[in-house]
Amino acid sequence: MNNNASIAYALLLIVGDFFALLGAFTAAYILRVKFDPRPLIEQIPALTYFFTFITVLPLWILVQAFIGLYNAKVYDKRFSELGRLLVGSFLGILVVVGYNFVTNGKLFPARLVPVYGLALGFGFLVFFRTFARLLKESLYSYGVGISNVLIIGNTAATLEIASSIANTPKTGQRVVAVVAHSAGSFKTYNSFEQAIESLRRPLHSIIQTELYREQTMNNQILSYAQENHISYRFVPGNTDLFVGNIDVELFAGLPMIAVHQTALIGWGRIVKRLFDLVFSLLAIIVSSPVLLLIYLYMALFDHKGGIIYRQTRLTRFNREFQVYKFRTIRQKYHGMTPEKAFENMGNPDLAIKYRENGDFIANDPRFTPFGIFLRNTSLDELPQLINVLKGQISLVGPRALIPQELAEFKKRHAILSVKSGLTGLAQISGRRDINFDERRKLDVFYVQNWSFWLDISILIKTLKAVVSGIGAK
């Protein structure tokens, strides 16, 4: 989206959020005052209440602006926007309640009004922003608000970026040309000067995927972008260097870039650990009847080989730990890799099929009948909540693998820079349809792009998958 369109959309969100909240608190007043026969704390006329809220709600909007709800980095990502709307709603109601306290309780006619207002406010905000998103995409399909992009560079990233933003009705961006030797079906030019002279559309963004050896060429492109107020971005040649969490600071008057292997640093690690402690403890308490029933059943009918299966796995900083699971595998295959087990049963070809199918084959002969049930329902994973409580793994993270499985993976250091997880991005991304290497790439992506909202999203999708039986092993 070009600058004017971005500003227009942000203004639309501000105005729309204001009226959505005003409508929500008006509805809250009507529900409590007009339809609830119980006595009121304060007799506040409807017009007084309405106009008072018009003066108070800008504070709520300021709170939402402070947490980034009018920033494209947030509102362009649906789940991130929903998470921050929820946080903003709680912070906003605290501001309104604080105002009510300062004014000696002259804002709310009853205690339920702010409760109704919070619930309705969040609902109205979600509804409005969904409408605004659909409106924006509809305008894109008519060519309104489109950002014209010129991509420069003879690298693999050039075609990858061009292809990823080519769906203009969704991305709001149009690749007008590429300065490269070849770029598939996209219009190409041999030089930046030729592209500028030939283009008939105004440019809104330049993406440079290659820094030229001649610095004058790079300066020419950057100067043109700055002089014409065009957005400029570049992709570094060594993309592996610029991943994870990046900080830019001034040192001795020079810009210095600090690259962290993972975005999960500082306060994020503290919040993640606290969340793991609280959630795992609650989950253990809630699931304790199920844990007990499974334990008793296995003790009575399926105890050969033990009830709890322990295996050495890897977690953060290459540390080994004993993972806990309900035993699902037959005793004679305990401690074996899938390859070794299938070889022992005289069918090594199953190992290839197993790996290619996302570590899954139907009716796996290694498992007991009850073990198959536990895996299909994911109940065999419940004891790992103890691993989470002990701090050995996290609720969300890369898959905890045995040392042999991860030994040959080139980016194992990236995966092992955070704790392994009970669930993760690979588990919710079609485990039966992606192979081992693709799942590890998802693990690396998680490590480098961690956020608390990403964890919440993965947990919600995991619960959905478990309940529906999708992706269970």
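**Close-up 1. Phe-53 as a buried ring in the predicted model.** Phe-53 is buried in this predicted model, its relative accessible area being 1%. Phe-25 is likewise listed as buried, with a relative accessible area of 0%.

**Close-up 2. The ring pair of Phe-25 and Phe-53.** A search of the whole structure for aromatic pairs finds 16. In the pair shown here, the ring centres of Phe-25 and Phe-53 are 4.6 Å apart and the ring planes stand at 25°, so the arrangement counts as stacked, given that planes under 30 degrees apart are assigned to that class.

**Close-up 3. The ring pair of Tyr-297 and Phe-370.** The centres of these two rings lie 4.3 Å apart, and their planes are at 35°, so the pair is classed as tilted. Because Tyr-297 lies in helix H10 (residues 267-301) and Phe-370 in helix H13 (residues 369-377), the pair ties together parts that are 73 residues apart in sequence. Tyr-297 has a relative accessibility of 36% and therefore counts as partly exposed, whereas Phe-370, with a relative accessible area of 16%, is buried.

**Close-up 4. Charged side chains over tyrosine rings.** The charged end of Lys-136 sits over the ring of Tyr-9, at 4.5 Å from the centre of that ring. In a further case, Arg-366 lies over the face of Tyr-354, and the distance to the ring centre is 5.0 Å.

**Close-up 5. A nonpolar patch on the surface.** The residues Ile-270, Leu-274, Leu-277, Val-278, Leu-281, Leu-282, Ile-285 and Leu-389 form this patch, and together they have about 720 Å² of accessible area. Helix H10 gives the most to the patch, contributing 7 residues. One of the patch members, Val-278, is found in helix H10 and is exposed, because its relative accessible area of 52% is over the 50% cut-off for that class.

How values were computed
Residues numbered from 1 in each chain as written. Predicted model: local features only at pLDDT ≥ 70, side-chain atom pairs only at ≥ 80, totals over all residues. Heavy atoms only, no water. Phe/Tyr/Trp six-rings, centres within 6.5 Å; stacked < 30°, edge-to-face > 60°. Buried < 20%, exposed > 50% of the residue type's maximum accessible area, 1.4 Å probe, protein only. Helix = DSSP H or I, 4+ residues; strand = E, 2+ residues; numbered from the N terminus. Lys NZ or Arg CZ within 6 Å of the ring centre and 35° of its normal. Patch = residues over 30% accessible without salt bridge, like charges linked within 9 Å, V, L, I, M, F, W, Y side chains within 5 Å. Areas by Shrake-Rupley, 256 points an atom, 1.4 Å probe, with all protein chains shown as cover. Salt bridge = Lys/Arg side-chain N within 4 Å of Asp/Glu carboxyl O.
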